[in-house]
Amino acid sequence: MLDINALRNDLSGVAANLATRGVTLDGARFEALERERKRIQTRTQELQAKRNALSKEVGIAKGGGRDTAPMLRDVAGLGDELKALERELDSVQANLRDFLLELPNVTHASTPLGRSAEDNVEVRRHGAPRTFDFAVRDHTDLGETLGLLDFATASKLSGARFTFLRGDLARLHRALAQLMLDTHTQEHGYTECYTPYIVNASTLIGTTQLPKFEADMFSVQKGGAADDDSRLYLISTSEITLTNSVRDEILAADALPIKLTAQTPCFRSEAGSYGKDTRGMIRQHQFEKVELVSIAKPADSYAEHERMTRCAEVVLEKLGLPYRRMLLCTGDMGFAATKTYDLEVWLPSQGTYREISSCSNCEAFQARRMQARWRNPATGKPEPVHTLNGSGVAVGRALIAVMENYQNADGTITVPEVLQPYMGGATQV
C-alpha cells in the first residue's frame, strides 16, 4: 500500500501521479477520515491528561483522609469515554486502511506517460523473426494435427480455457520448465522453492490480489464450510507465496537480496478477458510459470530490476526466440508495480510480439502490507524492503513460441538444441 505519510504531506502530488494511471484519488474522503482521526486522538490526549490529573488528586485526597468516591466516579467515567474513543479510532484506522488498499502504487519517474498498451515504449529487440517458405500454422493446428494437444478432452474434464497435453508435447512443456529452473538456479543465483498452491486471504492481501481483484481468483472452502474465514484461494502466480515468505519479518542487511524461484501452476479466472485469445493456449485458466522474486534493499532495487529482467531474457535467447523488451506506460502497468518491463516473444502465426514475461519493481508497496522489513545499519531501525517479481518465463507461452517458431513444412516441430538433453536426445516432435 502507499505510505500514508505521503498522502498526509503531499495529497495533491499523489493524486496527480495516480491520475496518470487513470485513477481518481478521493482526496475529500481521505481528508475527512484524517480530520476524524485527529479529533479522536486530540480528545483522547485531553482525557488522558485529565485522568492523570484526577488520579493524582485521588492520591492526595486519600492521604488527607478525604472522601474520594466522587473523584473515583469521575476517573471511571473518563475510562469509559476513553474506551469508546479507542473503538472509534480503531474504526477510523480500519477505514483508512481500506482506503489505502484500494489505491494502486505510484509510478516511477522513468515510467512513460500513457493510457494503454499503445503507449508502451520499445526498449530493444533481440533476434530476427524467421522467414518461412511454407504456410505458417498456429500452435493449435500444429498440436492437434500431431494428436498431442487435446482441447476436447480438457473441455470435457473442466470446461473452456483448459489444455490437455500428451506425449512429446507434454514432455517438451516439462523440458522448458526444467531449462528455466536450471538456468535461474545454476547461473543466476536463485534458490528454488516448492510452495503451497492454496493460500489464505491474508497472503493475497500482502501481494495485492485482495481485496481489489478477488473476482480474478479461484477460491475453495475448507471442509465444505461456507463462512469467509474458511475460504482459501488457488494462487494466480508463485509471486504470491515467494514474496509472502518474508511477511512479518525483519531481515538482516547482509541477507539481501533474497532471490527465489519456483515452478507452479497458476490459476486465473480472467473474468474480464473473455472474447480475447479464445483459441488455443494463449489465455488459460490454468497454466505453468517459473517465477522470479527478489527482496532487496531500497537503494539496490532498480539495479535488481534490470538484472531480473535480463535473467528472463537469457531464457528466450537460449531458446533462440526473437523477442523485444517493452517499458510499460503508466496506464498499462499492474496494480502493485511502480515500473515494469514486459518481454514479448515473436509468434509467426500472429505476425506480432506477445507478452511472455512481465518484470516489475513494486518498491515498498507490497512490503508495507506484509510488514516485511530490513534493519538499516545506518539508522538501526526497521524499514520496508523493496519487492520485485517477474516471469522467468511463462511455460505455456514458451511452448507456443517454440512450436510456432520451430515448425516444419510437414507439421513436425524441431526441438531447440538447448532442450534436447531434457528430451532424451530427441530432435523432433
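Which residues does Gln420 touch, not counting residues up to four places away in sequence?

Author: The model is predicted, so local features need pLDDT of at least 70 and side-chain atom pairs count only at pLDDT 80 or more, while totals for chains, interfaces and linings use all residues. Residues are numbered from 1 along each chain as its sequence is written, and side-chain values use heavy atoms, with hydrogens and water left out.

Gln420 touches Val415, Gly425, Ala426 and Thr427, not counting residues up to four places away in sequence; contact means heavy atoms within 4.5 Å. With Val415 there is also a polar contact: a polar atom of the Gln420 side chain lies 3.0 Å from the backbone oxygen of Val415. A polar contact is a pair of N or O atoms within 3.5 Å; within protein, one must be able to donate a hydrogen and the other to accept it, and residues adjacent in sequence count only if both atoms are side-chain atoms. Gln420 is found in the segment after helix 12 (395–405). Helices (H or I, at least four residues) and strands (E, at least two) are DSSP runs, numbered from the N terminus.

The nonpolar core comes next. Leu419 is, with Leu172, Leu176, Met180 and Val393, among the residues that touch the most other members of the largest nonpolar core, which has 45 residues. Such a core is a set of buried Ala, Val, Leu, Ile, Met, Phe, Trp, Tyr and Cys residues joined through side-chain atoms within 4.5 Å. Buried means under 20% relative accessible area, exposed over 50%, and partly exposed in between (1.4 Å probe, protein chains only). Two or more residues of this core come from each of helix 7 (167–186), strand 8 (286–296), helix 10, strand 10 (339–347), strand 11 (352–361), strand 14 (386–394) and helix 12. Helix 7 gives the largest share, 8 residues.

Val393 is placed in strand 14, and a cis peptide bond with omega of about 10° joins Gly392 to Val393. Leaving aside neighbours within four places in sequence, the contacts of Val393 include Met180, Val290, Ala312, Val315, Leu316, Ile356 and Ala398. A second, separate core has 31 residues, including Leu54, Val58, Leu100 and Leu101.

Helix 10 (residues 301–318) also holds Val314, which is buried at 17% relative accessible area. Val314 touches Thr183 and His188, not counting residues up to four places away in sequence. Val314 and His188 are 126 residues apart along the chain, yet their C-alpha atoms are separated by 9.9 Å.

Now the cysteines. A disulfide is a pair of cysteine sulfur atoms within 2.5 Å, and by this rule the count is 0. The sulfur of Cys329 is 17 Å from the closest cysteine sulfur, in Cys362, which is too far for a bond. Cys362 is in no disulfide either, as the nearest cysteine sulfur, that of Cys359, is 11 Å away. Cys329 is buried, with a relative accessible area of 0%, and Cys362 is buried at 2%.

Strand 6 and strand 12 run parallel and are joined by 2 bridges, with Ile250 opposite Arg373 of strand 12. Strand 12 (residues 373–376) and strand 13 (residues 381–384) pair in the antiparallel sense over 4 bridges, and Pro382 of strand 13 is the bridge partner of Arg375. These two strands form a hairpin with 4 residues between them, and Gly380 in the turn has a positive phi of about 75°.

Asp248, with phi near 60°, is in the loop between helix 9 (239–244) and strand 6, and counts as exposed at 57% relative accessibility. Gln371, with phi of about 55°, lies in the loop between helix 11 (365–370) and strand 12, and is partly exposed at 38%.

Definitions and conventions. Two strands pair if DSSP finds at least two bridges between them.
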